[in-house]
Amino acid sequence: MPKQQPETTAITAGRDASGALSPTIWTSTTWQSHGLDETSKAATSIHQTGNYARYSNPSVRDFERAIAELEGAEDALAFGSGMGAITSIILALCSTGDHIVAQSQLYGGTVSFLNGPCKRLGIDVTFVDGAKPGAFTAAVRPGKTMLVIAESPSNPQMGLVDFAELASIKGPYTVVDSTLATPLGQNPLTHGVSLVVHSATKGIAGHNDATLGVIAGEKDLIDAIWSYAVLHGATASPYDAVNGLRGIRTLGVRLAHQCNTALQLAEALTKQSAVTAVHYPGLSSHPQHALASKQMHHFGSLLSFDIAGGKDAARKVVDGLKLVRPAVSLGGPETLICHPASSTHVGVAPEDQATAGITQGLLRVSVGLESATDVIADFQQVLASL
Ligand SMILES: Cc1ncc(COP(=O)(O)O)c(C=O)c1O
């Protein structure tokens, strides 16, 4: 037999032993034991189901096992959101006086956490340009830097980080937020990175009906983060985990359709005179297209573009679209548009937005599951009317 393809693993992974084809929702928060000794053992065991839901839940565990298999990881740990995952990694592994190297081009919530609570707790953060060769390595302070945090592709500018270079950094744990790619789009761990994190709220669950995060990596590291996470309590709900598993089953076909439409839309946008730049790693004009082709299996369902005329022009585009809906989030069935400077990144200081390439004319599009013809026609009608 040839090696099983990831799209097939998305169907086979995370099954329980019951034979049920649809995942079981375990709603119980607590499990009866056979007495004091068994309760005590369960309370001191790591990541074990059959005790208390904040410690582990069988539905959540099935979702975690599916993600671990798709990412080529020893284990995975789910959270109540992507931010729950990111902040738990940071607070599990960093203490006052430690240092983090992070890329400037990150989801706004992550930037706000690094600039807010981290600094308040005395965790120093150095931001670097993730696309600049050697930038992460140069910023590492031996003995002080605990984490190097990257996001690739980055939200919303679609910049890439070279995983091989990231993995070559010795000392700190290296983390990649791979939300925009999903586990079928790329696998940073296979390049040697320490941890991969997803907001599974996005493409993994894929239907705008689950708030969920997940990390994957070596068992010892996942166990160490679990030991903190069980106290922090950003626990994944079994209902969301089941929706995450359902999303994994159809991720292959959804991603293939969305990536195909995203490329066609990106190409169509480059032909529009009002559009000054299109950011999509699948375009041969993307400055990191060669790297994207090397380390990604799919180029993703998200793209962004700059429109001449700044925020006023951006507003006209958003207001003039008939099919495409104004909303944040990404990876779902509906094509969505948002203005990052005033929404997803509104908490990021204007100078930091500028450093990260978030202009007033930047619009982000999450490509959905409609026909590519209809999505492209909607953009064409609005851009022609400007
Ligand atoms: C790249 C990325 N990481 C993390 C998050 C946070 O995920 P959540 O909203 O599930 O907390 C988001 C949310 O948009 C995101 O786009």
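**Ground rules.** I am working with a predicted model, where local features need pLDDT of at least 70, side-chain atom pairs count only at pLDDT 80 or more, and totals for chains, interfaces and linings use all residues. Residues are numbered from 1 along each chain as its sequence is written.

**Domains.** I then checked the contacts: 29 residues of domain 1 meet 35 residues of domain 2, a contact being two C-beta atoms, placed from the backbone, within 7 Å. On the domain 1 side, helix H5 (residues 108–120) gives the most, with 3 residues. I noted that this side has 11 nonpolar, 16 polar and 2 charged residues. Here Ala, Val, Leu, Ile, Met, Phe, Trp, Tyr, Cys and Pro count as nonpolar, Asp, Glu, Lys and Arg as charged, and the others, Gly among them, as polar.

**Helix pair.** Helices (H or I, at least four residues) and strands (E, at least two) are DSSP runs, numbered from the N terminus. I found the axes of helix H3 (residues 58–71) and H9 within 8 Å, crossing at roughly 35°. Axes are lines fitted to C-alpha atoms, for helices over the stretch in contact, with angles from 0 to 180 degrees between N-to-C directions. From H3, the residues in contact include Val60 and Phe63, and from H9 they include Val242 and Leu245. I count the contact by class as 8 nonpolar, 2 polar and 1 charged.

**Sheet.** I traced an open sheet of 5 strands in the order S8-S9-S12-S11-S10, with mixed pairing; two strands pair if DSSP finds at least two bridges between them. At the edges I have strand S8 (275–279) and strand S10 (325–326), each pairing on one side only. Helix H9 (residues 238–270) packs on this sheet, touching S8, strand S9 (302–307) and strand S12 (362–366), and its direction makes about 155° with that of S8. S10 runs parallel to strand S11 (residues 336–338), joined by 2 bridges. Pro326 stands opposite Ile337 in S11.
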